[in-house]
Amino acid sequence: MSFSSMSRSQSSQRSGVMNSASDGQKRRSIIAEDHEWSLALVPLLTTLCLQHIIKHFEEKPILHELQPSFKTYVLQRLPASLPLTITANLISDESYWKRCCEARWGLADISTYDNSWKQMFFERHLQSIIELFIPDTTDTKTVLDVLPLCQNYVKQLRVSQLLPPIKEPSRFDEDDGSESASDMGSDGPSMDHFDFRMLLDKLPNLKELSVVYCVKGCGMNFEWNLFEFTFRDCESLAKALNSCKTLQVFRIHRSKVDDEKCCVIVNHLLDHPSLQELDFSHNHISDRGARAIAKLLNRSQLKTLIVCNNQIRGAGAQALAHALAKNNTLTSLNLRLNRIADEGGQALAQALIKNKTLVNLHLGGNNMTEPAAVALSQALVENCALKSLNLCNNRLGADGGKVLEEGMTHNCTLVECDIRLTDVDQDSEYSICQALHANQIKTKHNHDPSAKV
């Protein structure tokens, strides 16, 4: 090998060593000692600050001072378990309250809560406090403390149970005598169920209240007193209703409301400025209670009255009919499953001749027969307001069906008439359906003149 070629070989070897050393230095300069370390994992200072705000939100809530994008970041990450004293009047973001609702109750439908998750949360939260309240055991502060937090967001309360006081076993010796026993009996609970007087006048936006005086899921511990609406309960509830001037809907179901209790409630609702719907379904109201309700009809702004499944007979229906004849606000009356018979049906039919506002009338299951059908047929000839009439499960018979058929030939406004289980023959039923169909077409054309007839 020549000297020149040997020099070139040595030179290339030195160059290769240097290049490999240089590559090693470059690799060492870009590879960290910690193989899991990456510059992309280092959070921004802004993010660190926002995370600090979230972590210490309970001690120092900072929200409205943030920019919109930062505010959204915080709201999306705040825990749903934060105290209501912090969040109730500070956070209005619906996505946050949706998380709170789903964390507590799972999936839910907000359509009955004005499509507001926040309204749903506070209404159900207050409802649960009331339903678990035990008189003389639960501290009233549990209710009073939450009112400032929820009062602006509660528009409706649907209370499905009310707990009675805890029954203490009687403790006295037989040697103590009757005086000792009577003394023990006089020391009863301060209230029988939750007292709505501590609540209703402090809810300025409450529009609807539904109450059931019962205990859900009592199982083998069933006792009749768990389903008792006492007179003391009635008086406190009536006074609470009177104090709630924004109330539009009141319902009390399955609570054994009798005539006496009905009268107490109605007397406190007379001249109520905003009540529009009253529902006494599934109670024990008879004629005396119906007369009290009739008095209310013309001393209120009621649009809907529901007293289905009670014990109202002919005399009570006559009282309601007398009020209905002079009433100009009621649009719906439901007397289903009472005992008004022909006497009550005839009275209501005569009231329909004078009444100009009632749109829906439900008289199903009232032991009415042909005389009531005759009176109602005459009313259909003259009444121009009624659109829906339910007569199902009455014994109108074939002759009753024929007179209804005749009345329908002169009526142009009724579009619904339920005559199932009334023993009306098929020909009359068919003719009535044809007349209803004709009225439906007329009504549709009146609302939309361009519609094809």
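The structure is a predicted model, so local features need pLDDT of at least 70 and side-chain atom pairs count only at pLDDT 80 or more, while totals for chains, interfaces and linings use all residues. Residues are numbered from 1 along each chain as its sequence is written, and side-chain values use heavy atoms, with hydrogens and water left out. Helices (H or I, at least four residues) and strands (E, at least two) are DSSP runs, numbered from the N terminus.

**Helix 14**

- Helix 14 covers residues 341–354, and its 14 residues should span 20 Å at 1.5 Å a residue; the end C-alpha atoms are 21 Å apart, which agrees. The expected span is 1.5 Å times one less than the number of residues.
- Its buried residues are D342, G344, G345, A347, L348, A349, A351 and L352. Buried means under 20% relative accessible area, exposed over 50%, and partly exposed in between (1.4 Å probe, protein chains only).
- Among the elements covering these buried residues are helix 13 (314–326) and helix 15 (370–382). Contact here means heavy atoms within 4.5 Å.

**A look at D342**

- D342 is found in helix 14, and D342 counts as buried because its relative accessible area is 18%.
- Leaving aside residues up to four places away in sequence, D342 touches N367, M368, T369, P371 and A372.
- D342 and A372 are 30 residues apart along the chain, yet their C-alpha atoms are separated by 4.9 Å.

**Strand 2 and its partners**

- Strand 2 (residues 208–211) is covered on both faces: E208 and S210 are buried on one side, L209 and V211 on the other.
- Strand 1 (residues 156–159) pairs with strand 2 in the parallel sense over 4 bridges; two strands pair if DSSP finds at least two bridges between them.
- V159 has V211 of strand 2 as its bridge partner.
- Strand 3 (residues 249–252) also runs parallel to strand 2, joined by 4 bridges, and V249 in strand 3 stands opposite E208.

**Helix 10**

- The buried residues of helix 10 include D233, C234, S236 and L237.
- Strand 2, strand 3 and helix 11 (259–269) are among what covers the buried residues of helix 10.

**The second largest pocket**

- Residues lining the second largest pocket include P164, K167, C218 and E223. A pocket is an open set of points on a 1 Å grid over the protein atoms alone, where a 1.4 Å probe fits, with protein on both sides within 12 Å along at least five of seven lines; lining residues have an atom within 4 Å of a point.
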